[in-house]
Amino acid sequence: MNRADRVAVALPVPLPQLFDYHPPEDGSPVQPGMRVAVPFGNRSLIGLVVAAAPHIAGDERQYKRIQRVLDAHPVAPADWLEALQWAAGYYQHPLGEVVAAALPAGLREGRSAELPRKTALGLTDLGRSAMPNLPARSQRLRAAMQALAAGDTTAKIDAATRRRGLQAGWLAEIIAPPPQMQLAQGPALTPAQAQTLTALQTGSGFAVSLLEGVTGSGKTELYLRLAEQALAAGRQALILCPEIGLTPQLTQRFVARFGPVVAGFHSGMGDAARNHAWLAIREGHARILVGTRSAVFAPFCDLGLVIVDEEHDASYKQQEGFRYHARDLALVRAKAADARVVLGSATPALETLANAKAGRYHHVRLSERIAGTSPPVPQLIDVNVHPVQHGLSEPLAAAIDRHLTAGGQALLFINRRGYAPTLLCDTCHWIAPCPHCDARLNLHRGEGALRCHHCGYASRPPRECPSCGGKKLIPVGEGAERVEEALKNRFPGKRIERFDTDRLRAAGQLEALLDDVRERRVDVLVGTQMLAKGHDFPALSLVGVVNADQALFSSDFRALERLGQLLTQVAGRAGRSATAPIAPEVLIQTREPKHPSLTALLRDGYAALAETLLRERADAGLPPSAHLALLRVEAPSRAKADAFLLDAKAVFPNTHRVQLLGPAPAPMERRDGRARAQFLLSSTARPAMQRVLAAWLPAVAALPGAKALRWSIDVDPVDLF
Ligand code: ADP
Ligand code: ZN
Ligand code: ZN
């Protein structure tokens, strides 16, 4: 057997190794990067050929044959597969699952990787001469031919009519001309923008800049200029943005400027559309890809620019399965392609700030808003002094009144879905618990349900207390639904709209509502996270934060960083237009008006808070001063989880370069009926962490308990469970 006799295939199974197969019977050529169908157990799977399998002397095993080769060419350029191999190694995740995450669903399932040629119908000379004498019953065909004769290429022609016309030779398929579009011209840059653009262009090839620009300072306009330059140089651009909710808006701005060479890529699109965008990038028909997290795996043929907008956003981190960070992978891809990178944010992640401080990134600032207004300085409302009713304190309600009367618009931010986070018995203080988690059930009143926000458990709210039979069950605390109701009661006749995932499931629904907001048909917006970032609402004059206190006492070491980012982003929604009818205000309700982080943020801004937090992280040996990894386990009982972790500890390599902390229960010890525990690994050196993980994890996988439990590794975790 010589070495070309077998190839190594990555398969979508949770096993770290590649699988060797013989080439197919029919002799189709097989190369790395091609998809193949192979027998696996008693199934057939689609995998990706990674390499010729090395010949092992004395290997007498029987290998199965590839059943079918799906591609005549590799599905993506060679550097794509290299990037995936790098990611599989860095995140310690099986390459087969990495490939499955990187391919759009259509390709993963075996659909053709050839881009269908866009054909349109044209009228032939034969058809033109036949037109006066068409049979009377051919009404549809006549209409179609008349439309084509008149130059209307958009006319809808049904399949039967099309077939008849083609068979008769009256119609022919032609390659469609690209749609004509009126492209928008960008505004002239302000002096500050022009200066910043020059700074972003310094150097050539791979270079990373942090663009720290306040909300509304015109960062997106700079992204457009950089994209224009990349395109002029014949290269492609990747624009990553954190949320599906924001993608259509951003895509729209790029389409308006560059036309059909722009493709979108996000989960709100259908599989076919995503497949198409992916292949169009590979073929180079699409020059700009605007997308969420997974767009980082697109098969660019010549990537020249990578923009990561709102780079601090936690949604760039995949939290399940293949736990990659899209910002970090974007850097890896840009480096391989010798592309320029811009990380944009008003509130950069501490990791990014640390890289900028260390001189690895250029730090470029854009501190003036285009409209000349500055974001208002937030004011605190002490709810110990001004108690809240259904989430609203009197000063906040009065401010809403003031702004609406003056013709402004208000946004209330609340970080919780549902009506209330707790249902409490007034008599015995029983609290509705989730039967499967260490968590309380949230009351969703509109829906008439108690819901767990961690495992999805739902039940009807009880009529009486299950513990004492008491009849008075009271919702305690507030969610978006309750605040919405309170506002409707207080401001009848005003249009109040709630924005959260309970209400807006489809991307289109959100878009329509956002249009209403921009056109000032909405008076007050109540919403969760969904409203905090990116959106540009010109008339918005008041921002109220209903409750920000949970983060002040969270055990998560990133909580204060997140709070600083969130409050700055939410505040940045207010007063974006210079012609607002009333001076913008930001009001934050809190029980902790003297909390040092909160006061520092308000007095000195996010950058100053970030400095403090960076010092604290360094003292505590936390990121970005250290690199972390989490080994998590979920088991039927705490004892089983701990036993597994202790076995894992016993096979931990002997090293002082990586510290192993734990086993410790996860912050939420029981979730969805399972006990959760973890090890935290910490090291000041990434290579040491990588070496230790590479040595340790195969030993963990070989432990007797490893197959029976759910366990996972998270490199650079964003959430500690
Ligand atoms: P950011 O991305 O920093 O939030 P944008 O690029 O969205 O900021 O700009 C904010 C607003 O200012 C947008 O409405 C944008 O169209 C407008 N804008 C940006 N640059 C200019 C400019 N040079 N002249 C006029 N308007 C501009
Ligand atoms: Zn009770
Ligand atoms: Zn639950």
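Colleague: How are the donor residues of the zinc ion (ligand 3) spaced in sequence?

Modeller: Donors here are N, O and S atoms within 2.8 Å of the metal (3.2 Å for Na, K and Ca), and sites may look incomplete because water is not among the atoms. For the zinc ion (ligand 3), the spacing reads C-x2-C-x14-C-x2-C. The SG atoms of Cys434, Cys437, Cys452 and Cys455 are the protein donors, 2.2 to 2.3 Å from the ion. Before we go on, this is a predicted model, in which local features need pLDDT of at least 70 and side-chain atom pairs count only at pLDDT 80 or more, while totals for chains, interfaces and linings use all residues. Residues are numbered from 1 along each chain as its sequence is written, chains are lettered from A and ligands numbered from 1 in the order in which they are written, and side-chain values use heavy atoms, with hydrogens and water left out.

Colleague: What is the geometry of that site, judged from its angles?

Modeller: Four donors count as tetrahedral if all angles lie between 85 and 135 degrees. Around the zinc ion (ligand 3) the angles among the four donor atoms run from 105 to 115 degrees, so the site is tetrahedral. The site also links distant parts of the chain: Cys437 sits in the loop between S19 and S20, and Cys455 in the loop between strand S21 (449-451) and S22, 18 residues apart. Strands such as these (E, at least two residues) and helices (H or I, at least four) are DSSP runs, numbered from the N terminus.

Colleague: Are Cys437 and Cys455 buried or partly exposed?

Modeller: Buried means under 20% relative accessible area, exposed over 50%, and partly exposed in between (1.4 Å probe, protein chains only). Cys437 is buried at 3% relative accessibility, whereas Cys455 is partly exposed at 23%.

Colleague: Which residues are the protein donors of the zinc ion (ligand 2)?

Modeller: Cys425, Cys428, Cys465 and Cys468 supply their SG atoms, 2.2 to 2.4 Å from the zinc ion (ligand 2). Their spacing along the chain is C-x2-C-x36-C-x2-C, and the site is tetrahedral, with angles of 104 to 116 degrees among the four donor atoms. Cys428 lies in the loop between strand S19 (422-425) and strand S20 (442-444), and Cys468 in the loop between strand S22 (458-459) and strand S23 (473-476), so this pair ties together parts that are 40 residues apart in sequence. Cys428 is partly exposed, at 34% relative accessible area, and Cys468 is partly exposed at 38%.

Colleague: Now ligand 1: how many residues surround it?

Modeller: A residue is near a molecule or strand if one of its heavy atoms lies within 4 Å of it. For ligand 1 there are 16 such residues, and the closest are Ala188, Gln193, Gly216, Thr220 and Arg253. Helix H8 (residues 219-232) gives the largest share of the shell, three residues.

Colleague: Which polar atoms reach the oxygen atoms of ligand 1?

Modeller: A polar contact is a pair of N or O atoms within 3.5 Å; within protein, one must be able to donate a hydrogen and the other to accept it, and residues adjacent in sequence count only if both atoms are side-chain atoms. From the backbone, an N or O atom of Lys219 lies 2.9 Å from an oxygen atom of ligand 1, and a polar atom of Glu221 is 3.3 Å from one. Arg253 uses a polar side-chain atom, at 2.8 Å. The protein covers 73% of the 560 Å² of accessible area that ligand 1 has on its own, by the Shrake-Rupley method with a 1.4 Å probe.

Terms used:
Four donors count as tetrahedral if all angles lie between 85 and 135 degrees; four count as square planar and six as octahedral if opposite donors are over 155 degrees apart and all others between 65 and 115; anything else is irregular.
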